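Thanks for coming, everyone. Let me put today's structure on the screen, and then we'll walk through it.

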Amino acid sequence: MPQARTPVSITTPIYYVNDRPHIGHAYTTTLCDVWARAQRLDGRDVFFLTGTDEHGAKVEKSARERGITPQALADENSEEFRKVMALFGLSNDDFIRTTEARHESQVKLFVQRLLVSGDIYLGEFEGWYDEGQEEYVTDTRAKELDYKSPISGKPLVRAKEHNYYFKLSAYASKLEAFFDAHPEFVRPLGRFNEVRGRLREGLQDVPVTRTNFSWGIGMPGAPEHVIYVWIDALFNYATALGLAEPSGAVARARGKYWPPEYHVIGKEILWFHAVVWPAMLMALEIPMPKCVYAHSFWISNGQKMSKSLGNFIDLPTIEAYFAKYGLDAWRWYMTTQGPIGTQDADFSPKHFHEIYTAQLVNTFANCASRTSSMIEKYFAGAMPDAETASMPISAAVGASTWSAFTEATAADVQKRYANFELAEAADAALSVIRAVDLLINETQPFKLAKDPANLPQVARILGVCAEGVRIAAVLLLPIMPTKCSEVLAAYGSPMESEMATGGVAEAARWGRLAAGTRISKCAPFMRVDAPAV
Ligand code: MSP
């Protein structure tokens, strides 16, 4: 039986509406989507959240330049992000916008609570400010950065403000203790160590309001102060679940999804997610998220992507990849070749093409295609009637029988998906295809089939191959939902909807492909021309 429908949730950052969607946004959201789909297929009750971050000085400025209101700009660009989610086949359960009333009213409630508890106070502050990031940096950090923004390279400026502050300094030792007790709180480990190291340097209180712009949520009781965009934005994770009103309808329906298993983010916004946000949650006595996963960056042909260099992998570029290779090939590349660890990953058309050809055309598609063709040719397109569970497997694979191998692999793949080891999950799933290829190469069923006396043996071999292809397609569904559904349909096998009730362990069980099942020819990925460069 599949496990109980444990509620779990995952979040992406909410994206700034003053930017156009690009590979970075697509990447984080796709990773979350793969995780969410894998958990749903495993019988879990999943809530996958994404959305847009719509307040702040930058949006106000862009809107002014275009001669429209900030709300009009936010509406337009938020819609663009929403469309992108659909285009990428992303299965998010909600899309939150920080200009929505449901968010604004709850942010005010949270801030009010922090005012009452004394965690937010009115004070004066002077410090080093990164204008592009709308962020203060500590004196030590400013010195380390040579007084320049690590993102834009522009000089940090000395700024002074009368503002409301959050007493981050009061949470320093609590945070240190929390980190020490939860070494998995920030992943990968390199990022954990980075934050843990910075915590030792001590913490300064952080401003939670601004007075230099007006496009934002007004501070309760002091509307000339606008809630700082980062504080406003972080709350989205809680407002989407209605947590500011614990007895309200939203919290009653969605409260079960807190705390999230993963806040998935890019490395540049780790501090806010791993330090500021947890401290605010401590102050509000809300349980901690289980893990902040900070991936690294896609770079383009060895260089940081930037508008001035014109090397951004933007939406039109991504759409050209969809047209040539298909959406699932794009998802495969994102999941298996992306900067999920502490290293940046280079996006190059040549590498994309090589991975597509080697792993999807020559491995996955070729195996599904030659197995189905041989079944068509030798068994009139019907799953052969043969005992396969006890069939010995090649010594190179390192398991006793095929059924033992695929059972262990399926369990390993599910564990890795759940643990956000997505590239490893993909590789383990593909190992079933590699084992099938090895069997075909070692036994050469196409040669054996020339002598009718060998047909029982050929039936056993192809029975194994078909079952292997089917199981691999089940395990790869979260990454390539369309192509794997196509393969499963060709192999007369259960679809995603059926699996959601039976769970992956059941769907991937050896021997579900009954003798006589119609197997039609399929070729999920076709060879395409190499890129010109
Ligand atoms: N609005 C804030 C986040 C608030 S979350 C409470 C923000 N928005 S953003 O539009 O700039 O999106 C940043 C996120 O986009 C990164 O954290 C990362 O998830 C993704 N990426 C942006 N550029 C990227 C790459 N070049 N490579 C990979 N992902 C990157 O920051």
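First, a cut-off. A salt bridge here is a side-chain nitrogen of Lys or Arg within 4 Å of a carboxyl oxygen of Asp or Glu. Keep that in mind for the pair Glu486 and Lys483. Their closest N and O atoms are 3.9 Å apart, so the pair counts as a salt bridge under that 4 Å limit. Both residues lie in helix α19, residues 481-490. They sit 3 residues apart, about one turn of the helix. Glu486 is partly exposed, at 40% relative accessible area.

One caveat before going on: this is a predicted model.

Now the overall picture. The protein chain has 20 helices and 15 strands. The C-alpha trace spans about 90 × 50 × 40 Å along its principal axes. Of the 533 residues, 56% count as buried. Take the contacts with a separation of 6 or more: 76% of them come from residues 24 or more positions apart.

On to the sheets. An open sheet of 6 strands runs in the order β3-β2-β1-β12-β13-β7, with parallel pairing. What stands at the edges? β3 (94-97) and β7 (186-187) do, each with a single partner strand, so one side of each has no neighbour in the sheet. Inside that order, β12 (residues 262-266) and β13 (residues 292-295) pair in the parallel sense over 4 bridges. His263 stands opposite Val292 in β13. Helix α1, residues 23-41, lies across β1, β2, β12 and β13. The helix runs at about 170° to β1.

Another open sheet has 3 strands, in the order β9-β11-β10, with antiparallel pairing. Here the edge strands are β9 (209-210) and β10 (218-219). Between β10 and β11 (residues 222-227) there are 2 bridges.

Next, strand β4, residues 120-130. It joins β6 (residues 157-166) through 10 bridges, antiparallel. Gly123 has Asn163 as its bridge partner in β6. β4 also pairs with β5, again in the antiparallel sense, over 3 bridges. There, Trp128 has Val137 as its partner. The β4 and β5 hairpin has 4 residues between the strands, and Glu134 takes a positive phi near 55°.

Stay in β5 for Glu135. Is Glu135 buried or exposed? Glu135 is buried, yet has no salt bridge. The nearest side chain of opposite charge is Arg198, 6.0 Å away. That is beyond the 4 Å limit, so Arg198 does not count as a partner. Leaving out residues up to four places away in sequence, Glu135 touches Trp128, Tyr129, Asp130, Tyr228 and Phe272.

Back to charge pairs. The whole structure has 35 salt bridges. In one of them, Arg518 pairs with Glu376, closest N and O atoms 3.7 Å apart. Arg518 lies in the segment after α20 and Glu376 in helix α14, so the pair ties together parts 142 residues apart in sequence. Glu387 pairs with Arg460 at 3.1 Å. Glu387 is in the loop between α14 and α15 and Arg460 in helix α18, so parts 73 residues apart are tied together. Both are partly exposed: Glu387 at 44%, Arg460 at 27%. Finally, Asp94, Glu100, Arg102 and Arg254 are linked in a network of salt bridges.

Notes: Residues numbered from 1 in each chain as written. Predicted model: local features only at pLDDT ≥ 70, side-chain atom pairs only at ≥ 80, totals over all residues. Heavy atoms only, no water. Buried < 20%, exposed > 50% of the residue type's maximum accessible area, 1.4 Å probe, protein only. Lys, Arg positive; Asp, Glu negative; His and termini not counted. Contact = heavy atoms within 4.5 Å. Pairing = 2+ DSSP bridges. Axes fitted to C-alpha atoms, helices over the stretch in contact; angles between N-to-C directions.
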